[in-house]
Every structure is written in C-alpha cells, then in structure tokens.
Amino acid sequence: MPDSQQNSVSPTYQVRFGGVGGQGIVLSGRLLGKAAALFDGKDAVCTQTYGPEARGGASRSDVVISDEQVDYPFVTKADVLAVFFQEAYVLFRDALKPDGLLIVDTELVQPFPDDKNLHGIPATKIAEGLGSRMAANVVILGFLVGMTGIVSRESVENAIRSTMKEKIVDMNLKAFDAGMQLAAESSAT
C-alpha cells in the first residue's frame with residue numbers, strides 16, 4: 001500500500017497469508033483477526049484452507065476486517081498478500097489488488113520482476129536470529145501492521161499474549177517488534 005494510503009484504511013480491508021502447513025499461516029490470520037475484533041473493536045472474519053497434510057500442504061488464511069459488519073467472509077481481492085512459500089506466491093499472486101501490498105519472505109520466495117509495491121523481508125533469517133524460524137510468520141505480521149496500520153500495535157501484542165503459550169510469548173513479541181521496525185525503516189526510505 002502506498003505511503004499516502006498507510007493511515008487511510010478502507011471500510012473493509014482484505015488480507016491473505018499464503019504458505020505451506022507448519023509455517024504458521026493460520027496462526028497469522030488468527031492473530032490479526034483477534035487483534036482487530038477483540039482488542040480494536042472492529043468486525044473481523046478469518047477463514048483458512050489447507051491441504052490434507054498436517055505439514056507441507058498448501059495453506060491459506062484470509063482475514064477480512066471492517067469498521068462495519070463484514071458481509072462476505074472471503075477475500076475477493078486482497079489489499080495485502082503476505083506469502084511464505086514460492087508455490088503460494090504463484091498461486092495467490094493474482095488475488096492481489098493492482099495497488100495492493102505484496103510482502104514476501106526473501107528466504108523462501110523469488111518474486112517476479114514486474115511486481116508492484118513489493119516488499120521482500122528476510123523474515124525466516126530474522127526469526128532464526130531470535131531463536132526459532134517458527135516466528136517468521138510473526139515477523140511478517142509485524143511488518144504488515146507497521147506498513148498498513150490496519151490494527152494497533154497494542155492489539156496484536158495483546159493477541160500474542162492471549163493466544164500463545166507463555167514460554168514463547170517473549171520471542172514472538174520480539175519477532176513482531178522486528179517486523180514493525182522493518183516497516184518503519186521501509187517507510188522512512
């Protein structure tokens with residue numbers, strides 16, 4: 001999303017996370033939806049699809065957020081597409097609005113050269129530096145929130161604290177903060 005639109009969230013905002021099972025795609029959607037609905041007082045719907053494999057199958061998590069009642073629970077054209085796997089990138093790329101924000105994990109996705117409004121971040125590398133590559137989804141969530149302002153920082157922090165096991169809360173808060181910092185740096189340039 002262009003900087004001029006960063007703080008002017010449309011009445012209905014559509015976000016799609018795409019990857020494979022085991023990357024925390026569904027958790028990313030749940031955290032964003034929970035932050036919006038329970039802590040920011042918005043209406044939010046989260047749907048997910050994934051292959052029959054517990055890990056390794058394609059997965060998608062869609063979140064629709066609105067200041068009004070959500071009347072259709074599925075993403076039709078995403079304002080944001082955040083992908084963690086090459087196949088998901090190829091599969092879901094066309095679901096992004098022409099002026100939508102595309103976020104990719106540079107460790108796992110090689111975007112096409114003609115993509116607009118592309119932000120590649122080394123989410124997996126950052127998460128590994130924090131102690132677990134499993135937090136890459138939260139790094140990307142932090143970047144998404146920092147770039148869009150769709151929900152407040154505090155609401156996501158509250159969602160993390162109330163959703164995750166206590167022993168991994170601090171690491172995930174650090175991962176979220178790292179993503180927020182990357183967004184601030186990206187917006188400053």
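## Two packed helices

In this predicted model, helix α1, which covers residues 25-39, packs against helix α5, which covers residues 153-163, at an angle of about 115° and with the two axes 8 Å apart. These two values are given together because two packed helices are described by the angle between their axes and the distance between the axes. The crossing in which α1 passes α5 is right-handed.

On the side of α1, the residues in this contact are L27, R30, L31, K34, A35 and F39, and they meet S155, V156, N158, A159, I160, S162 and T163 of α5. Sorted by class, the contact of α1 with α5 is made up of seven nonpolar, four polar and two charged residues.

## Salt bridges

How many salt bridges does the model hold? The count comes to eight, and one of them is formed by the side chains of R16 and D62, with a distance of 2.7 Å from N to O. Because R16 lies in strand β1 (residues 12-20) while D62 lies in strand β3 (residues 58-66), this pair ties together parts that are 46 residues apart in sequence. Buried residues are those under 20% relative accessible area, so R16, at 7% relative accessibility, counts as buried, and D62, with a relative accessible area of 1%, is buried as well.

A salt bridge also links R60 with D62, and here the closest N and O atoms are 3.4 Å apart. Another one is formed by D114 and R93, whose closest N and O atoms are 2.9 Å apart. D114 is found in the loop between β5 (96-105) and β6 (118-121), and R93 in the loop between α2 (86-92) and β5, so this pair ties together parts that are 21 residues apart in sequence. With a relative accessible area of 49%, D114 is partly exposed. Through salt bridges that share partners, R16, R60 and D62 are joined into one network.

## Aromatic pairs

The structure holds two aromatic pairs. In one of them, the rings of Y72 and F74 have their centres 5.6 Å apart and their planes at 65°, and planes over 60 degrees apart count as edge-to-face, so the pair of Y72 and F74 is edge-to-face. Are these two residues buried, exposed or something in between? Y72 is partly exposed, with a relative accessible area of 47%, and F74 is partly exposed too, with a relative accessible area of 39%.

## Two residues in their surroundings

G21 has its place in the loop between β1 and α1, and with a relative accessible area of 17% this residue is buried. Although G21 and Y50 are 29 residues apart in sequence, their C-alpha atoms are 7.0 Å apart in space.

I103, by contrast, lies in strand β5, and its relative accessible area of 0% makes I103 a buried residue. Which residues does I103 touch, leaving aside those up to four places away in sequence? They are V80, L81, A82, V83, H119, I121, I140, F143 and L144. The C-alpha atoms of I103 and A44, which are 59 residues apart along the chain, are separated by 21 Å.

Key. Residues numbered from 1 in each chain as written. Predicted model: local features only at pLDDT ≥ 70, side-chain atom pairs only at ≥ 80, totals over all residues. Heavy atoms only, no water. Salt bridge = Lys/Arg side-chain N within 4 Å of Asp/Glu carboxyl O. Helix = DSSP H or I, 4+ residues; strand = E, 2+ residues; numbered from the N terminus. Buried < 20%, exposed > 50% of the residue type's maximum accessible area, 1.4 Å probe, protein only. Phe/Tyr/Trp six-rings, centres within 6.5 Å; stacked < 30°, edge-to-face > 60°. Axes fitted to C-alpha atoms, helices over the stretch in contact; angles between N-to-C directions. Left-handed = near helix turned anticlockwise from the far one by under 90°. Contact = heavy atoms within 4.5 Å. Nonpolar A, V, L, I, M, F, W, Y, C, P; charged D, E, K, R; others polar.
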